[in-house]
Amino acid sequence: MAEVRLESIGKVYPNGFRAVSDLSLTISDGELLVLVGPSGCGKSTAMRMIAGLEEITDGTLKIGDKVVNNLRPKERDVAMVFQNYALYPHMSVRENIGFALKVAKVPKTEIAERVSRAASVLELEKLLDSRPANLSGGQRQRVAMGRAIIRNPSIFLLDEPLSNLDAKLRVKMRAEISRIQAELGVTTLYVTHDQVEAMTLGDRVAVIRDGLLQQVDTPQVLYDTPANLFVAGFIGSPPMNLWQAGVTIGETTASVRIGEQSVELEAETVARVPDLAEFSGREVVIGIRPEDLAIGGVDNQEWPALSATVGLVEPLGSEILVHFDPGAPLAATGDPDMEDLSAEGDVLAELAVAKFGPRESFAISEKIELRMDPARLHFFDAEGGNAI
Ligand SMILES: Nc1ncnc2c1ncn2[C@@H]1O[C@H](COP(=O)(O)OP(=O)(O)O)[C@@H](O)[C@H]1O
Ligand SMILES: [Mg+2]
């Protein structure tokens, strides 16, 4: 068991490209920390530097108290599972799992014992004599995990291990990985581009963008108080609605302008976000999650109201997503995947969204009045995007 400490780690590839900048992060002993961000943001690079597969350009990497920058992969006591794990097709599950120990010339009886222990954790006992070709995707994934577990590493590194599985299996394997990690108590870094996977698996989640750490905290804190626009737009599904807005804070009243609408803010909101006063008369970005919008009713009469036109209704059975236009365009967050959608002129990407219970009904082009939960309004500096 060990703590992993990254101190201002950076990576510049030989072609001059900087993939990771000034990354400081501690993975506590026994913790499962998830590194999440869009494709190409430097997740695998960071993980490969920890594994020793990629040279560290700047900073210090410690495992326990030891600086390991210059240790070879073998000397670091880490085991890595990749997205494209390769099993030996001509070997049985038993031989695949035990292979690293065989190469290390571990005595046969000990190999048998350790394979059987790993197989029991992974619930692969009945499949030990099968060949990979006869296994399902999920079973193969567990064998790949077995090959890592068997080495009793101090640190587990998992790089998008579930990407090749279909959606239903991914959910199941996510739970499996969570169970196995908790059972073994091994310090684990898990890399994914999928924010749902990150939120459900991580004790803590580190969000990175363009090689730069944006925020690291528990899933709930990331959801409740995103540090900037990027995290606000990246965590949560559907993502937070964000609009460019003007704030005016007077002696007794406060309001924000969204498009042509002036929305009153309650005194509690102004008190909750004291720094908002500094932005009076300036542009900010205001955010509200789809699930924090409500249809006007008796219990939310005091909430700030927003008039909107329904653009599209998506009934999902358990809930309804209503895509709406309040007469103001959405603000950009810097998430390349979302921006690709807007670039394609996708109508959904230009509409805001609200989430309601399944028994509500809405018609396209209907005018609705939405209530915004004032405790769940988010404000960001329009310049730089940091939370206010
Ligand atoms: N060997 C390399 N030489 C130059 N650039 C690289 C190399 N490997 C990766 N990159 C670039 O570094 C960035 C981060 O890559 P990577 O860490 O694989 O991202 P992620 O795992 O988050 O998708 C990408 O822009 C990628 O093109
Ligand atoms: Mg990667």
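I began with a pair of helices, and I noted that the crossing of helix 4 and helix 5 is right-handed. I keep in mind throughout that this is a predicted model.

**Entry on helix 4 and helix 5.** I looked up the geometry of this pair, since two packed helices are described by the angle between their axes and the distance between the axes. For helix 4 and helix 5 I wrote down an angle of about 20 degrees, with the axes 11 Å apart. Angles under 35 degrees count as roughly parallel, and helix 4 and helix 5 are therefore roughly parallel to each other. I then listed who makes the contact: from helix 4 come Gly137, Gly138, Gln141, Arg142, Met145 and Ile149, while helix 5 supplies Leu169, Met173, Glu176, Ile177, Ile180 and Leu184. Sorting the residues of this contact by class, I recorded seven nonpolar, three polar and two charged.

**Entry on helix 2 and helix 3.** I turned next to helix 2, residues 93–103, and helix 3, residues 108–122, whose axes come within 10 Å and cross at roughly 130 degrees. Helix 2 and helix 3 are therefore oblique to each other, and I noted that helix 2 passes helix 3 in a right-handed crossing. On the helix 2 side I found Arg94, Ile97, Gly98, Leu101 and Lys102 in the contact, and on the helix 3 side Ile111, Arg114, Val115 and Ala118. The residues of this contact comprise five nonpolar, one polar and three charged.

**Entry on the cavity.** How many cavities of 30 Å³ or more does the structure hold? I found one, and the space in the largest cavity is about 30 Å³. Its lining is made by Leu32, Met145, Phe156, Leu158, Ile177, Gln181 and Thr188, and the elements that give two or more residues to it are strand 7 (155–159) and helix 5 (167–184). I counted five nonpolar and two polar residues in this lining, with no charged ones. I marked Met145 and Ile177 in my notes, as both line the cavity and both take part in the contact of helix 4 with helix 5.

Strand 6 (78–81), helix 2 and helix 4 (137–149) are the elements giving two or more residues to the lining, and helix 2 gives the most, with five residues. By class, I recorded 20 nonpolar residues in the pocket lining, one polar and four charged.

How values were computed:
Residues numbered from 1 in each chain as written. Chains lettered and ligands numbered in written order. Predicted model: local features only at pLDDT ≥ 70, side-chain atom pairs only at ≥ 80, totals over all residues. Heavy atoms only, no water. Axes fitted to C-alpha atoms, helices over the stretch in contact; angles between N-to-C directions. Helix = DSSP H or I, 4+ residues; strand = E, 2+ residues; numbered from the N terminus. Parallel < 35°, antiparallel > 145°, perpendicular 65-115°, else oblique. Left-handed = near helix turned anticlockwise from the far one by under 90°. Contact = heavy atoms within 4.5 Å. Nonpolar A, V, L, I, M, F, W, Y, C, P; charged D, E, K, R; others polar. 1 Å grid on protein atoms, 1.4 Å probe; cavity = no way out; pocket = protein on both sides within 12 Å on 5 of 7 lines; lining within 4 Å. Points joined across faces, edges and corners; volume = space filled by probe spheres on them.
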